[in-house]
Amino acid sequence: MQTHNLGYPRIGSQRELKKACENYWAGKISRQELFQRGNEIKLANWTIQQDNGIDLIPSNDFSYYDHVLDMAFSLGAIPERYHPVILDKSNAEIDLYFAMARGYQDRGLDIKAMEMTKWFDTNYHYIVPEFHKGQTFKLFSTKIIQEYTEAKLAGFKTKPVILGPISFLLLGKEKEAGFDSIDLIENLLPVYFQILEKLIAHGVEWVQFDEPFLALDLKEKEKQAFLTTYSKIKKEFPHLKTLLATYFGSLEDNVSLALSLPVCCLHVDLVRGGDQLTEILTKKPQNLSLSLGIIDGRNVWKNDYHESLTLIQKVKSVVAKDQIFLAPSCSLLHSPCDLNSESTLDTSIKSWLAFAKQKLNELQDLKELAQDAVLNQLLTGSVEGELTSEIYDRNQRAIESRKNSSLIHHENVKQRLKEVKKSDFERNSEFSIRRSIQGKILNLPKYPTTTIGSFPQTTEVRKARADFKFGRITAEEYQSFIQEETKKTILAQEEIGLDVLVHGEFERNDMVEYFGERLRGFAFTSYGWVQSYGSRCVKPPIIYGDVSRPEPMTIYWTKYAQSLTDKFVKGMLTGPVTILQWSFVRDDQPRSQTCHQIALAIRDEVKDLEREGVKIIQIDEPALREGLPIRKEAWESYLSWAIGAFKLSASGVKDRTQIHTHMCYSEFNDIISHIANMDADVITIECSRSQMELLDAFADFNYPNEIGPGVYDIHSPRIPSKNEMVELLQKAALVIPDQQLWVNPDCGLKTRKWDETRKALEQMVLAAKEMRLHS
Ligand code: GLN
Ligand code: ZN
C-alpha cells in the first residue's frame, strides 16, 4: 500500500506567498526575491510531506496565482489582448502571467483581467480559460517540467499534478458561438504529449491527471472525449504510470466510463462519494489500481480511524495490497496548513481537528494500522480482544469525546429545531397585503434609494479594530470611535439624500465572522487561512456545535444609528446559508440541520430588531447560489432546505416589517422560482456589470416582489454619471414595473474610499429623482 497526496496548500503556513506576491506587485521586491519565496514554499511543502510519510509527493501543485491559469499558460492559451504585454521585452513571463490574472495598467496599456469563477462548489476561485473556434495551442511555459526537476534536484521524486485535458477544456469559456470547447481536444492533445515527453525524459514515473468533471453530469460527446483522449495517451506513452484523479463527488453514472479509461490508477473521493465503492470494487478491471480518498480534504475534522480502516479492509479483501493507494479526498488546497500553529483554540475542540499537515500524518497512521494484522482481525471481528495500538486508541478517544461533548450538544437547541412548524417558514400574510401595510408606514417615494450596508472601511477603521484587539485602546475608546464613524455615515447619507439609511457596519470585521463570534457553536483560528483567489485568503470560522444566540448581536448599533436620524435605518444581518457556506461545517449532522439552527438564531435577532422598532431588516444571502451542488439532481433538495433556512430566519415578524435580502455575484435564471419562494419584500442584486440582463429572469417569471437592481459597480473606483444610471434604470423599467423598483449600488461599499462613495451616491440619488419625474 502507498500513500500519496493530490496537492498541498501553496500559500505557506504564514501566508508567505501572499506577502511575496503583493510585495512584488507593489514593486517592493524583485522578481528574483519572489521566485526565492516561491521556491522556499515548495521546498518546505515537499519536506513536510516526506517527513510525514507520503510515498508519492505531488509537484506542480504550487502556483503563484492559480493552477488553472498555470495550465492555460503552459498550453499557450493566452488571449490576444495580452500580446502587447509579451511584445514589451521588459516584461518577464511572470509579468504576463500576472497580467492575465489581474489585468495590466502600465505603459499606456489598459488590459482587462481574465474572468474568475468558483472552482466547483469550493470557495476557491480559478481563472477561466478563454477559447475560440479552431484555437491552436503550443507549449508556452515549461513550469510543469521545471517544478519536477527542481524537486528532483532537491532530492524528491515527485508526481507532477496536471489538470487533465478534458477538464481544462470544460473549465473554460467559449468566447464566440458555434463551437464547444471540447471540440478543441484534437488541437490540444499534442501539447500535453510534448509535456509528457519532456517529463519522461527527466525520469518521471507517475503523473496525476486531475479530471474532476468525471464527478459531474457529462454530455455524450464529453464522455467520448474522455475515452479517446486517455486511449491516445496510453498508446503514446504505454509505460507511463498515470493516475486519474476525480473528486468532489461520486462518479455515479460515470463509473463505468471512469473504470474503462486505460490509466494505471483511479482516484475516487470516498468522503463525498463513499456510496460508489461497492460498485467500483465489483466493476474494477484487474490491472487498475485504486486510490482511496479517505481523508476529508475539504474540512477540518479528524479522521475516524475505525471507519477508514473498515473501509480499507473492505478494499483489501478484493484488491491486492500493491494496487491500493491511500490519499486525501481531494487536494489539501482547501484545508488550513497546520493545527500546531493554533495556541488559543479550546483544547477539546483542537483535539477534534486536523489541518493539512495533520492529515498527512493521518494517512501515514492509516497505512501503518492497515498493515497491522491483529488490528484488522479485531476490526473484522474475526478475533476478540483488547486493542493495543496507541495511535488507534488515541484517535478513537478523540472521536468518542467529540460524539459526547457538552461543548457540542445542547438539548434545548436540538429540541427547538424539532418543534419548528411549517407555519414558521411563512410570513403571516401574502406579499400584496404586506406591501400595502408597509407602504403606509414607510411612505417611501417611487424608486426609493438605499445602499447595501457597509460604508468605507478606511485604514483608520481597520487600525482602530486592530488596536482594540491587541489591547492598545480600551473598549470604551473603540466604542466611541465606532460611534463617531456611524454618526458621520448617517449624516453623510442624509446630506446625499438617500431614502433608507444604514449604520455602515463599522463594528464588523467580516460579515460572517462578526456573527460567528456572537453565536454559540463557533470557534475561530488564528492562522487557519485558505486560499480564496490569488493572494486573497480567508479564515473561515469552524462550526463545531449546536448553534444558538446567547444575546442580541446587532441591536445596539442599529438603535444607535436610528437615534441619530428621522429616516428609516435598516437592520443588517447575514443570512443562515451564507454563514454556513463561508464556514467549516460540522460533519456529524446534515448541513441542513446546522443551517436551520443558525436560521433560528437569526430569527431571534430579526424579532428583537422588530421589537426595538426597526421597520426594515435586511438578511444578506450572497452565498446562496454558490452552495448549489455540483450535480443538478441534487439541486432541489439543497434549495429546499437552504431557501427554507432563509425563510425560517425571516418569517417571525409581523406583516408591517419589511424584509430585504441581498445577493451579489449570482445568476438567477435557473433558480428564479426558488428566489421568488424566498418571498423577501425587497431583493437587491448585482446587476450593473450585466447591463441589467440579470433582471430578465425576474421579468420572465413575473416576479411579484420589489427589486433593487444594482445601478453601479462598487468593485471599481470609477464614479458613474447620473445619466448612465438613468439609462440602466430605464432599461430596468422596461421589464419590471416601476413601482417594484429600488435604486441601490451593486453591493456594500466597504472597499471604496469616502470621496468616491459620496460622489457616486449623489449621482445615484439624482438618477432616482430623474426617474421619478418621468414616471
Ligand atoms: N451587507 C454587506 C455589505 O454591505 C453585504 C456584503 C455582500 O453581499 N457580500 O458589505
Ligand atoms: Zn453583495
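How many strands form the open sheet, and in what order? There are 8, arranged as E1-E14-E13-E12-E11-E10-E8-E2 with parallel pairing. Here two strands pair if DSSP finds at least two bridges between them, while helices (H or I, at least four residues) and strands (E, at least two) are DSSP runs numbered from the N terminus.

Before going on, note that this is a predicted model, in which local features need pLDDT of at least 70, side-chain atom pairs count only at pLDDT 80 or more, and totals for chains, interfaces and linings use all residues. Residues are numbered from 1 along each chain as its sequence is written, and chains are lettered from A and ligands numbered from 1 in the order in which they are written.

Strands E1 and E2 are the edges of the sheet, each pairing on one side only. Further in, E8 and E10 pair in the parallel sense over 3 bridges, and Ile-162 has Phe-209 in E10 as its bridge partner.

| Strand | Residues |
|---|---|
| E1 | 2-3 |
| E2 | 57-59 |
| E8 | 158-163 |
| E10 | 206-210 |

Now for a helix. Helix H6 spans residues 143-153, and its buried residues (20 or more other C-beta atoms within 10 Å of their own, with C-beta atoms placed from the backbone) are Lys-143, Ile-144, Ile-145, Glu-147, Tyr-148 and Ala-151. These pack against helices H2, H3 and H8 and strands E2 and E8, where contact means C-beta atoms, placed from the backbone, within 7 Å. After H6 comes Gly-155, with a positive phi near 95°.

Technical notes:
Buried ≥ 20, exposed ≤ 12 C-beta atoms within 10 Å, placed from the backbone. Contact = placed C-beta atoms within 7 Å.
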